[in-house]
Amino acid sequence: CVDGDLAKFSNKSIDAFNDVVDARCQFDRSVPYRNSTLTHLLRDSLEADAKVLLLCCVSSDEADMDNTLSALRFASRMQSVSIGKATKHIIGSKE
């Protein structure tokens, strides 16, 4: 089943993302960015001086209730995460 494979892949990526966030919140020296393609690609965006926006997609369809609840729980958990203050980076100069 293709949908089942996609769900397993999504859950694995979300679990890996959780591991990265947990490690960053605990200021671990070893952050498992390479455990998932998603976290590896987002590494620069998950550093201490970056600001991250998380969009949570939900559905009102009863068949999607489990995924919607899971997404809302994940978003609620991520809402409380604070790793550091974002800083402004200026690239180049205006003349």
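This is a predicted model: local features need pLDDT of at least 70, side-chain atom pairs count only at pLDDT 80 or more; totals for chains, interfaces and linings use all residues.
Me: Buried means under 20% relative accessible area, exposed means over 50%, and partly exposed is anything in between (1.4 Å probe, protein chains only). Given that, why is Arg77 called partly exposed?

Reply: Arg77 has a relative accessible area of 34%. Residues are numbered from 1 along each chain as its sequence is written, and side-chain values use heavy atoms, with hydrogens and water left out.

Me: What makes Asp22 and Arg77 a salt bridge?

Reply: The rule asks for a side-chain nitrogen of Lys or Arg within 4 Å of a carboxyl oxygen of Asp or Glu. Here the closest N and O atoms are 2.2 Å apart, so the pair passes. A search of the whole structure turns up one salt bridge.

Me: Why say that this pair ties parts of the protein together?

Reply: Asp22 lies in helix H1 and Arg77 in helix H3, so the bridge links parts that are 55 residues apart in sequence. Asp22 itself is partly exposed, at 29%.

Me: What makes Phe27 stand out?

Reply: Its phi is near 55 degrees, a positive value in a residue other than glycine. Most residues other than glycine have a negative phi. Phe27 sits in the loop between H1 and helix H2 (37-41), and at 60% relative accessible area it clears the exposed cut-off.

Me: How do you know how many disulfides to count?

Reply: A disulfide needs a pair of cysteine sulfur atoms within 2.5 Å, and by this rule the count is zero. Cys57 is in no disulfide, as its nearest cysteine sulfur, that of Cys56, is 6.9 Å away. Cys57 is exposed, at 69% relative accessibility, whereas Cys25 is partly exposed, at 33%.

Me: Why is the group around Phe17 called a nonpolar core?

Reply: Such a core is a set of buried Ala, Val, Leu, Ile, Met, Phe, Trp, Tyr and Cys residues joined through side-chain atoms within 4.5 Å. The largest one has nine residues: Phe17, Val20, Val21, Ala23, Val31, Tyr33, Leu46, Phe74 and Met78. Helix H1 (2-25) and H3 are the elements giving two or more residues to this core, and H1 gives the most, with four. Across the 95 residues of the protein, 17% count as buried.

Me: What makes Met65 part of a surface patch?

Reply: Patch members have over 30% relative accessible area and no salt bridge; like charges are joined within 9 Å, and nonpolar side chains (Val, Leu, Ile, Met, Phe, Trp, Tyr) within 5 Å. Met65, in helix H3 (residues 65-79), is at 39%, so it clears the area cut-off. With Val58, Leu69 and Leu72, Met65 forms a nonpolar patch of about 330 Å² of accessible area (Shrake-Rupley method, 1.4 Å probe; for residues, only the protein chains shown count as cover).
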